[in-house]
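Hi everyone, thanks for coming. Have a look at the picture first, and then I'll talk you through two parts of it.

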Protein chains: 2
Amino acid sequence: MDSKIQQLKNILAEISDLRYAGALLGWDQQTYMPPGGAEARGNQLALLNRLAHDRGTSSELGKLLDELKPYARGLDPDSDDARMIKVAAKAYDKATKVTTKYVVDFAQATTLGQRAWMEARQAVNFSIFRPYLERIVGLRQEYATFFPDFDHPYDALLDDFEPGMKTAEVKEIFNSLRPKQVKLIKAIAEKEQVDNSFLHQPFDEKKQWDFGVEVISKFGYDWNRGRQDKAAHPFTISFSINDVRLTTRVNPDFLNSMLFGTMHESGHALYGQGIALELERTGLDDGASLGVHESQSRLWENLVGRSLPMWEYFYPRLQAVFPRLGGISLEIFYKGINRVQPSLIRVEADEATYNLHIMLRLEIEIALLEGKVKVKDVPELWNSQMKEYLGVTPTNDAQGVMQDIHWSSGMFGYFPTYSLGNLISAQLWEKLTQDLPDLSDQIRTGKFENLLGWLRKNIHRHGAKFEPQELVHKVTGSKIDPAAYIRYLTRKFGEIYNL
Amino acid sequence: MDSKIQQLKNILAEISDLRYAGALLGWDQQTYMPPGGAEARGNQLALLNRLAHDRGTSSELGKLLDELKPYARGLDPDSDDARMIKVAAKAYDKATKVTTKYVVDFAQATTLGQRAWMEARQAVNFSIFRPYLERIVGLRQEYATFFPDFDHPYDALLDDFEPGMKTAEVKEIFNSLRPKQVKLIKAIAEKEQVDNSFLHQPFDEKKQWDFGVEVISKFGYDWNRGRQDKAAHPFTISFSINDVRLTTRVNPDFLNSMLFGTMHESGHALYGQGIALELERTGLDDGASLGVHESQSRLWENLVGRSLPMWEYFYPRLQAVFPRLGGISLEIFYKGINRVQPSLIRVEADEATYNLHIMLRLEIEIALLEGKVKVKDVPELWNSQMKEYLGVTPTNDAQGVMQDIHWSSGMFGYFPTYSLGNLISAQLWEKLTQDLPDLSDQIRTGKFENLLGWLRKNIHRHGAKFEPQELVHKVTGSKIDPAAYIRYLTRKFGEIYNL
């Protein structure tokens, strides 16, 4: 069996190398590529994706995985090899169930869909996008038919991003979360509002950049195994466990973009750098799921980055860099960066309102997949739900249903991972503060090693070995549960808004 | 035949995409990659190289090329399709004649060779490098045995970089050039020497960079289809005809590195950007040879960049940027940037001495391949030839035989392309100034469009369609010939040094 395992590892390493090479081409596309390079880059990326897909669906791989199944049953089920075989077999199984015709149709529909979405958004005219979105929804419904074993047509989609997660579970979580979160923001709305105008001032770009670098260096980001560049839409990407790069953007007139964007991406990057090196090129050298990845970015951005202890340490530094903050007290600053303001745009939403943006999308996605809602009725549904959950109404569809690229790219099942990340971050934090009772004091003195060490040990090093529910249960003793997040929000905003 | 041609184009496009993707990985490696990324990058590059090699030697490709031969005979021999088939067939033929064992042995020997070379150079001890170089020379001799049709064991190597070029031709060219160039630098040595100490002063790095950008923008470099980044060893690289990037380095205490390095690389980049778009992804989307490529970099660096008309236009700009040059007249500046000084290091050599560094290497390479000289005797031979040609003697082997990476990488046959580039640049310039009699006046007023237009029309657009001798003959009416270069050097340095 040793030689079979080695053969499997060789194939997985090759798939991994192709994906990493493609990732570098994608990174360059979003950071440094001149406009002229776009067309050729499309060809190059398509080839690398196709080669990785061919390897990942080859009969050679299928045969190997079949032969290795009895061997895997004899292994410790939590061993690297057993998990590598399990994850590879699942990926093979899912990829080979989908027809080549579907893959081609989907690639074409989403290419056209993205173009139509951009045009429709520009023209503020949903009807331009509508037929393309109808086609994409139809294809996503067809996708579900390849997997009759799943309980719900949304399950196979969700599983692509949150392995093992069921629609029913997600629904239950969100149904429990929604009323509490709506109630919280209504209570906040009745109180005196927080001022954050001091964050909207000119801040030197280079100084902002340098301050962000200082912060994430303190967090423990390893510059020997990564770097930071500018990008219009910040992201983090790996080309190896030893080469995990983040990107950020700097708004010269608003401190938050760089500040919390950089911390957010550093959370993803610390996760990527913390995966056990033995998992490199095995298919397990990735996060457990998008939700777990998001839990790490949210933890550093919010639980750490928007906390009072964080700024007890960093605020004097920030004031030294930007003397214009000299007259703003720590308390005012802390309240300002935590200002709650129901708004139209998801990516600009604060901690208290963010999940409501997601729930609205999730409900529409599920209803579309179930065929209970038609694409033509989505804009109206969007607007009425915005009113109900957040008390605001989009002035047009560009500010409403067409604000995100996801649907035009066929990414149904992706949105809930953002909220799951929020929930998991708070669950981990409760456990963390039990295990490290003086964590606040550590942060207050700029010490992040124990925090990072805990995350490395409990989350990062495992890579993609465990499914998200499994991992969360392993670490916290319960599955993904919104209670901790609600406790966190209620306590934090209760203090800030005197609820 | 249309479908066969299309099949061939598909395969060539795929090979091209793999090579371009690999090129981006290489570019990143030399510009932005953090140290931690090195090991994984090696794996990724090895895979892309292997895939491109597999495609380039596949029996499918061989069969197609065979089937297309009769068709190609019916085409205009200068048509894109005829040339595409010819170049592809030659590449296939060369690649399939070499055994897989050889390819593996060579990759291993050169990996070890480069490591040993670095160590030996560090330790200033040739004996560390010697056994590795012996192995590499042995392998390069073996390479020749795969091609019994070539006249000389050096031919197959040379042909890899200068398609169609023969060792006998190169020898003849250099034998004619050597005595004239040695005589010239001896004459210069007897004259009053030129001062260039004003170039060795502190120059703000950002201002240097910006000035370089201004110059190559004027030359016609298209920033929509490329960019410039920093690299320790500057190079130019293409990921498409529409994405051709250069790199440069800035020495804060010496103006020449940035100034002439940037212009040099821009010559390569203008060539890359000027290839006809129809040739993209056909295997013809590259320069005709390394020598022809070097003719373009040298033309912009020296024939333009070190000329008086160039600085009649740019020197007032340079003085405005660097007021410390205010007291240096244009004439003194012009002489300073053209100072002749026999020295030990090739990459720092001036126009008058550069070719002698190459000749010495070429003679040693040929003698090694012929087995007339042994590796152990090379350091002594190197030093005695340096004395004879340039009148200087290396103080140690790090400054002598071990200064260049080429041999440790197995790149025998590469050095002569540098000198061939010099010679071709002067041949093209004579033709250019016949066709554009007021070129000096144009340059004097900062107009480079007609010059670039001429190069685009006569050289760039053809890409790799023609072999170097064929192309030079087509454009100038004669094959590669050192006479023009000697006329250029004699006139230029005759004036500067009052010979």
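Let's start at the end of a helix: H20 of chain A is followed by A:Asn498, whose phi is positive, near 50°. Helices here are DSSP runs of H or I with at least four residues, strands are E runs of at least two, and both are numbered from the N terminus.

Quick housekeeping: this is a predicted model, where local features need pLDDT of at least 70 and side-chain atom pairs 80 or more, while totals for chains, interfaces and linings use all residues. Residues count from 1 along each chain as written, chains are lettered from A and ligands numbered from 1 in written order, and side-chain values use heavy atoms, without hydrogens or water.

Back to H20(A), residues 483-497. At 1.5 Å a residue, times one less than the number of residues, its 15 residues should span 21 Å, and the end C-alpha atoms are 20 Å apart, which agrees. Its buried residues (under 20% relative accessible area, 1.4 Å probe, protein chains only) include A:Tyr485, A:Leu489 and A:Phe493. They pack against helices H8, H11, H13, H14 and H16 of chain A.

Now, how many residues does each chain bring to the contact? Chain A gives 36 and chain B gives 36, with contact meaning heavy atoms within 4.5 Å. In chain A, A:Tyr32, A:Pro34 and A:Gln44 lose the most area to chain B.

The rule finds six salt bridges across this interface, each a side-chain nitrogen of Lys or Arg within 4 Å of a carboxyl oxygen of Asp or Glu. B:Asp243 forms a salt bridge with A:Arg41, with the closest N and O atoms 3.9 Å apart.

Notes: Buried means under 20% relative accessible area, exposed over 50%, partly exposed in between (1.4 Å probe, protein chains only). Buried area is the accessible area (1.4 Å probe) that two parts lose on being put together, summed over both.
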